[in-house]
Amino acid sequence: MFENIFSPETLTEAWGIIQSEMLFALWETLYITVIATVFSVIIGLPIGVLLVVGDKDGVLPLPKTLMHIINIIVNILRSVPFLILMIMVFPLTRLIVGTTVGTTASIVPLVIAAFPFVARLVEGSLREVNPNIIETAQSMGASPFKIIVKVMIPESVPSLISNITIAITTILSYTAMSGIIGGGGLGKIAINYGYYRYKYLVMLVAVILLIVLVQVFQSVGTHLSVKTDKRLKR
Amino acid sequence: MIEIKNVSKTFIVDGEKFDALKNVSLNIEDGDIYGIIGMSGAGKSTLVRTINMLERPSSGEIIIDGKNMNNLSAAQLRQERKNIAMIFQGFNLLMQRNVLKNISFPLELAGVKKAEAQKKALELLELVGLPDKAKAYPAQLSGGQQQRVAIARALATDPKILLCDEATSALDPKTTKSILSLIKEINQKYKITVVIITHQMSVVEDICDKVAILENGVVAEEGYVTKVFSQPQSEIAKHLVYPDYEGGSVVNADYGTLARIVLNGAVGTPLISKMTLDLNMLINLVSVSTREIGGVIYGNIEIGIEDKNAFEKIREYLKQYDGITIEEVR
């Protein structure tokens, strides 16, 4: 399939497409990824917190049935393949955005797919907090709410940053799939030109840009995580 | 005053009941430095955690200055806990906050204004001898320094009680001494009641006025340190006070009666030599140990003697000395 990929005609043609569409696609991908991550964290963080503090040994034990329900919902959403989920949430997308196709519309299924993932990541981060430090805060008369906002979350910031970085890169790869339902971005370019119209060079460039984005997000995330971690200060 | 009244605590581990505390009663007076000592698993940590209700007793009551801790609402309990500070073996500082912010943390919880909290934190940092570490992070400090910061943090809310849960167990002997003298200084300066949980005899000897010895969730012995450590009655106390105590099986048959001479305060004469000459009696020296408790020398001399008759003779002889007694071991 890659035989005439670097022939002069394809090169000129691809260059034209790249010039006219690639920059905008890159911008769209960034836009979708960032907005979807922000909403996933807004929804996922509190749920992750609940999963930890609501435990029977947590700082704010919640009814067992409620914890069961939260866990089951998170697990169900995590187990539906993203491609199927995108289609299944069409009614919700229409309700929120007014349409089921397009760039903004693709944010809704992304958030639905990513927030349970973020919740689990947040849960993991918060469980790393030394329980003795939480007990110490309790011994000082800290309320469960204060323990969450002043101890658990601040103490796990480095871990939260590195986990949210994982979430961003995952969401980024999901945005590529949302090209199928007309979500814009690099994924749409890769599918439209590479898969439907056999312009593999364009697809290759789009994929390389996605790889570069992942690298950039990961490097920045790792750097921030290390930089904020005061345990590593020597 | 802290009154621990008939406190029991039962844990259920893997469906099996485990009695961590069995009907423990203790009174801790204001201003005391009270030691609770025992082997690991004796229930010490559980006991100290019932005082501030980090561990709710299964039965029994904790009464602090007349207030029953069991019956407080969650909000009242949080309020009350500001009067009961606690320090731990692992220091438990907030690792992502610098020293100053760690110390002002309890004040922040209490809603004290930031500037005021910072001023107080700096004063406390001065008190614990680390004025130049305000901006440092816990990971940059040694264990001893971290415990000093933890002590400063504990004092931030002007507590009436300081609970120390194995606070020096992770520290080397020299640092332990300096932390203990800091605790003593705080006890005297601020009249704070201190409860110390430890498995180290030296800690109790160094700073405690009173001690309770805990074994298998039961108080085996309790009272003034000078009394308990110079004349231990219970088996566990004897084990703690005489680390080599095995019930005394080292004496041969000719000197089969084992006795212990107890010294309360230093003796001016070469006691044993003089006694053997005066009584014209041979004795077998089994073990000698002396220790300083609260500035006074206490000692135990275990001797093997011929028979009961010899024991009576020695007892008569020792009557001329104040504070020296003999007791039969076997």
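The side chains of B:E108 and A:K150 form a salt bridge, with 2.6 Å from N to O; the term means a side-chain nitrogen of Lys or Arg within 4 Å of a carboxyl oxygen of Asp or Glu. This is a predicted model, in which local features need pLDDT of at least 70, side-chain atom pairs count only at pLDDT 80 or more, and totals for chains, interfaces and linings use all residues. Residues are numbered from 1 along each chain as its sequence is written, chains are lettered from A and ligands numbered from 1 in the order in which they are written, and side-chain values use heavy atoms, with hydrogens and water left out.

## Interface of chain A and chain B

Between chain A and chain B the count is 2 salt bridges, and over all chains the structure holds 25 salt bridges. The pair of B:E108 and A:K150 crosses between chains, from helix α3 (residues 99–109) of chain B to helix α7 of chain A. Helices (H or I, at least four residues) and strands (E, at least two) are DSSP runs, numbered from the N terminus. Side chains of opposite charge can pair when their charged atoms come close.

The rule also finds 9 residue pairs in polar contact across the interface, both residues at pLDDT 80 or more. A polar contact is a pair of N or O atoms within 3.5 Å; within protein, one must be able to donate a hydrogen and the other to accept it, and residues adjacent in sequence count only if both atoms are side-chain atoms. On the side of chain A that touches chain B, α6 and α7 (144–155) each supply at least two residues. The most comes from α6(A), with 7 residues. By class, this side of chain A divides into 8 nonpolar, 7 polar and 9 charged residues. Here Ala, Val, Leu, Ile, Met, Phe, Trp, Tyr, Cys and Pro count as nonpolar, Asp, Glu, Lys and Arg as charged, and the others, Gly among them, as polar.

The contact (heavy atoms within 4.5 Å) takes 24 residues from chain A and 23 residues from chain B. About 2,200 Å² is buried between the two chains, and carbon and sulfur atoms give 58% of that area. Buried area is the accessible area (1.4 Å probe) that two parts lose on being put together, summed over both.

## Chain A

Chain A has 10 helices and 0 strands. Its C-alpha trace spans about 75 × 50 × 25 Å along the principal axes.

## Pocket and cavities

On a 1 Å grid over the protein atoms alone, a cavity is a set of points where a 1.4 Å probe fits but cannot get out, and a pocket is an open set with protein on both sides within 12 Å along at least five of seven lines; lining residues have an atom within 4 Å of a point. Grid points are joined across faces, edges and corners, and a volume is the space filled by probe spheres set on the points. The count comes to 2 cavities of 30 Å³ or more.

| Space | Volume | Lining by class |
|---|---|---|
| Largest pocket | about 920 Å³ | 17 nonpolar, 4 polar, 9 charged residues |
| Largest cavity | about 110 Å³ | 8 nonpolar, 3 polar, 3 charged residues |
| Second largest cavity | about 50 Å³ | 7 nonpolar, 2 polar, 1 charged residues |

The largest pocket, of about 920 Å³, is lined by 30 residues, of which A:K56, A:D57, A:G58, A:V59 and A:Q138 are the closest to its centre. Two or more lining residues each come from α1 (8–53), α5 (107–127), α6 and α7 of chain A and from α2 (74–81) of chain B. Among these elements α6(A) gives the most, with 5 residues.

The largest cavity, of about 110 Å³, has 14 lining residues, and those closest to its centre are A:M140, B:A85, B:R153, B:A154 and B:T157. The elements that give two or more residues to this lining are α6 (131–139) of chain A and, from chain B, β6 (84–88) and α5 (143–155). The largest share, 4 residues, is from β6(B).

The second largest cavity, of about 50 Å³, has a lining that includes B:C164, B:E166, B:L180 and B:V203. Here α6 (173–190) and β8 (193–198) of chain B give two or more residues, and β8(B) has the largest share, 3 residues.
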